[in-house]
Amino acid sequence: MLNTALGMIVIILAINIVYVTLFTIRMIFTLKGQRYFAALTSIVEVIIYIIGLGLVLDNLNRVENLIAYAIGYAIGVLVGMKIEEKLALGYITVNVITKEYEPDIPNVLRDKGYGVTNWVAYGREGERMMMEILTSRKSEKSLYKTIKDLDPKAFIISHEPKTFFGGFWLKGIRR
């Protein structure tokens, strides 16, 4: 298959898709503090990278190989991002401001297993409920749906916390 131009394009494309996908996953592992998974992924990543780059450099006179390399890179980014969505490693903190002050909303969320801290807040149009909710990234979409069902006009902001100290959630996180 290496002898045909189409075969070379397919191989370069596939190698770069796999390489960039692994690169993306390694970066996620690194950012999430999973150093051993990141190190193991990097071994495979570098081997694939060297093979793919070698094929392109050995055939620089073929512009279609360069194009296949670039397209493979772009597809690898998309595949890596999709895998990251599925892995959904880590936790998120979601800040919610309800449209109206509804004191039952935090308890409904707690009953569903979310860690909720709430307090009364005051906005332009009066009293609001402010909540800070900690959950796993795997539960993120479910949490958003639950909030929207409870208050369709809620204002929602989320971010990823890096470090945890104290609180009842700490036991669950350490498992």
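Okay, so let's start with a pair: helix 1 and helix 2 run roughly antiparallel to each other, a label for angles over 145 degrees, where under 35 is roughly parallel, 65 to 115 roughly perpendicular and the rest oblique. Their packing angle is about 155 degrees, and the axes sit 8 Å apart. Here axes are lines fitted to C-alpha atoms, for helices over the stretch in contact, with angles from 0 to 180 degrees between N-to-C directions.

Quick housekeeping: this is a predicted model, where local features need pLDDT of at least 70, side-chain atom pairs count only at pLDDT 80 or more, and totals for chains, interfaces and linings use all residues. Residues are numbered from 1 along each chain as its sequence is written, and side-chain values use heavy atoms, leaving out hydrogens and water.

Back to our pair. Helix 2 covers residues 35–58; the helices are DSSP runs (H or I, at least four residues), numbered from the N terminus, and strands are E runs of at least two. What kinds of residues make the contact of helix 1 with helix 2? They divide into 17 nonpolar, four polar and two charged. Nonpolar means Ala, Val, Leu, Ile, Met, Phe, Trp, Tyr, Cys and Pro, charged means Asp, Glu, Lys and Arg, and the others, Gly among them, are polar.

Now helix 3, residues 63–87. Its axis comes within 7 Å of the axis of helix 1, residues 5–31, and the two cross at roughly 35 degrees. That contact has 19 nonpolar, seven polar and two charged residues.
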